[in-house]
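Please brief me on this structure.

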Amino acid sequence: CLDNAIGNGELPFPTVIKLDIEGAEILALRGMKLTLTSTNAPRLIFIEFHPEFLLNFNSSIDLYAIFS
């Protein structure tokens, strides 16, 4: 996950994150929880949703309400 890669020094903290992963966005967001809540959190997060695929990942558009 992104948090592990940053924590291990494999990647620097991102300033921008773009997600377009066919409904699995919630999995990616869960894997970057520490990154998103750190003092070095990205300045911009762009998420392209595909509502028809969200259920495949036990997700729904309601889970993303915190970003609006």
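The points below go by topic.

This is a predicted model, in which local features need pLDDT of at least 70 and side-chain atom pairs count only at pLDDT 80 or more, while totals for chains, interfaces and linings use all residues. Residues are numbered from 1 along each chain as its sequence is written, and side-chain values use heavy atoms, without hydrogens and water.

**Strands**
- Helices (H or I, at least four residues) and strands (E, at least two) are DSSP runs, numbered from the N terminus.
- Strand E1 spans residues 16-19. Its covered face holds Ile-17 and Leu-19, and its uncovered face Val-16 and Lys-18.
- E1 pairs with strand E2 (residues 44-47) in the parallel sense, over four bridges; pairing takes at least two DSSP bridges.
- Lys-18 stands opposite Phe-46 in E2.

**Nonpolar core**
- The largest nonpolar core has nine residues, including Ile-17, Leu-19 and Tyr-64. Such a core is a set of buried Ala, Val, Leu, Ile, Met, Phe, Trp, Tyr and Cys residues joined through side-chain atoms within 4.5 Å.
- Helix H2 (25-30) and E1 each supply at least two of its residues. H2 gives the largest share, three.

- His-50 lies in the loop between E2 and helix H4 (51-54).
- His-50 counts as buried because its relative accessibility is 13%, and buried means under 20% relative accessible area with a 1.4 Å probe, protein chains only.
- Glu-25, in helix H2, is buried yet has no salt bridge (Lys or Arg side-chain nitrogen within 4 Å of an Asp or Glu carboxyl oxygen).
- The nearest side chain of opposite charge to Glu-25 is Lys-18, 8.7 Å away.
- The Glu-25 side chain reaches the backbone nitrogen of Ile-21 at 3.2 Å.

Conventions. Buried < 20%, exposed > 50% of the residue type's maximum accessible area, 1.4 Å probe, protein only. Lys, Arg positive; Asp, Glu negative; His and termini not counted. Polar contact = N/O pair within 3.5 Å; in protein donor to acceptor, adjacent residues only side chain to side chain.
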